[in-house]
Amino acid sequence: MLNVALPKGRLGEKVYSMLSESGYSCREMEEDSRKLTFENKERGVRYFWVKPSDVGIYVERGAADVGVLGKDILVEYMPDVYELLDLGIGKCRMCVAAKKDFRDNTEKTLRVATKFPKTAMDYYSGIDRDIDIIKLNGSIEIAPLLGLADVIVDIVETGKTLKENNLEVKKEIMDISARFICNKVSYQFKNEEVKKMENALKQRIVQ
Ligand code: PRP
């Protein structure tokens, strides 16, 4: 059995369709249910739906052999796994954003609201800027509007959330897309199955 951790949500659904088109389908998964694990015994595959930010933990610890997660999560949590493939989907950018009229006063510590404290810290230490991290878990865009933070470090996909909240991108930090990752031990001991799935996904990548 190859255990596959998929991120709950739109990205996970897309990856599941790529896999199911390659023969790794699991009929039960296509039904409307609250179940979180599914298996297709004949095809030797078991899927888990997990929180996107937890995929790396499942794969690093071997609870899942392989998984899919955004590069943003890989960079932030740095799980000890192999990154096998860029799936070319779930594309977005990690950005610094702020109110349109924001001007940085370098004499003051910059207050940065984010779900990605390590990424934000690495970026600002790279440009030698003192910051105060305000770790939030969602709806980050509200922070500058309420005066909780000066800027945010967050994911921008269509830019709609920023626009509708009168914020704008001030700096792009990195491009993001979904990655296929593998547990280091499974890569050795289940190499054939892992490679098969990797190749199946590779053929579904739209350039
Ligand atoms: C992400 C991100 C932005 C939004 C960007 O939030 O944190 O808020 O998507 O997308 P857009 O550029 O297409 O508008 P998510 O939907 O994950 O919700 P969250 O804020 O609760 O984390």
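What follows is a working chat about the predicted model shown above.

Biologist: To start with, how many helices and strands does the chain have?

Modeller: In this predicted model, the chain has eight helices and 11 strands, and its C-alpha atoms fill a box of roughly 60 × 35 × 30 Å when that box is taken along the principal axes.

Biologist: And what share of the residues is buried?

Modeller: Of the 207 residues in the chain, 43% are buried, while the accessible surface comes to about 11,700 Å², with 46% of that area belonging to carbon and sulfur atoms.

Biologist: What about contacts between residues at least 6 apart in sequence, how many of those join residues at least 24 apart?

Modeller: The figure for those contacts is 67%.

Biologist: Let's go inside, then. Which residues have the most contacts in the largest nonpolar core?

Modeller: That core has 28 residues, and the ones with the most contacts inside it are Leu6, Tyr47, Leu87, Phe180 and Met197. The elements giving two or more residues to this core include strand 1 (2-7), helix 1 (10-21), strand 3 (45-50) and helix 8 (191-204). Apart from it lies another core, of 15 residues, which has Cys92, Ala120, Val153 and Ile176 among its members.

Biologist: Back to Met197, what is Met197 in contact with?

Modeller: If neighbours within four places in sequence are left aside, Met197 is in contact with Leu2, Val4, Leu19, Tyr24, Val45, Val66 and Phe180.

Biologist: You mentioned strand 3. Is strand 3 mostly covered or mostly uncovered?

Modeller: Strand 3 is mostly covered, since five of its six residues are buried. On the pairing side, strand 1 and strand 3 run parallel and are joined by six bridges, whereas strand 2 (residues 37-40) pairs with strand 3 in the antiparallel sense over four bridges.

Biologist: Which residue in strand 3 does Val4 stand opposite?

Modeller: Val4 stands opposite Tyr47, and Phe38 stands opposite Tyr47 as well; Tyr47 is also one of the residues with the most contacts inside the largest nonpolar core.

Biologist: How many residues lie between the strands in the hairpin of strand 2 and strand 3?

Modeller: There are four residues between those strands, and in this hairpin Gly44 takes a positive phi near 70°.

Biologist: OK, changing topic: what is the phi of Met78, and where is Met78 placed?

Modeller: Met78 has a phi near 40°, which is a positive value in a residue other than glycine, and its place is in the loop between helix 3 (71-77) and strand 5. As background, most residues other than glycine have a negative phi. Ser139 is another non-glycine residue with a positive phi, of about 45°, and Ser139 lies in the loop between strand 8 (131-135) and helix 5.

Biologist: Are Met78 and Ser139 buried or exposed?

Modeller: Exposed means over 50% relative accessible area, so Met78 counts as exposed because its value is 52%, and Ser139 counts as exposed because its value is 53%.

Biologist: Last one, which residues form the nonpolar patch on the surface?

Modeller: The patch is formed by Ile142, Leu145, Leu146 and Leu148, which together have about 370 Å² of accessible area. Leu146 is placed in the loop between helix 5 (142-145) and strand 9 (151-156), and Leu146 is exposed, with a relative accessible area of 67%.

Methods
Residues numbered from 1 in each chain as written. Predicted model: local features only at pLDDT ≥ 70, side-chain atom pairs only at ≥ 80, totals over all residues. Heavy atoms only, no water. Patch = residues over 30% accessible without salt bridge, like charges linked within 9 Å, V, L, I, M, F, W, Y side chains within 5 Å. Areas by Shrake-Rupley, 256 points an atom, 1.4 Å probe, with all protein chains shown as cover. Salt bridge = Lys/Arg side-chain N within 4 Å of Asp/Glu carboxyl O. Buried < 20%, exposed > 50% of the residue type's maximum accessible area, 1.4 Å probe, protein only. Core = buried A, V, L, I, M, F, W, Y, C linked by side-chain atoms within 4.5 Å. Contact = heavy atoms within 4.5 Å. Pairing = 2+ DSSP bridges.
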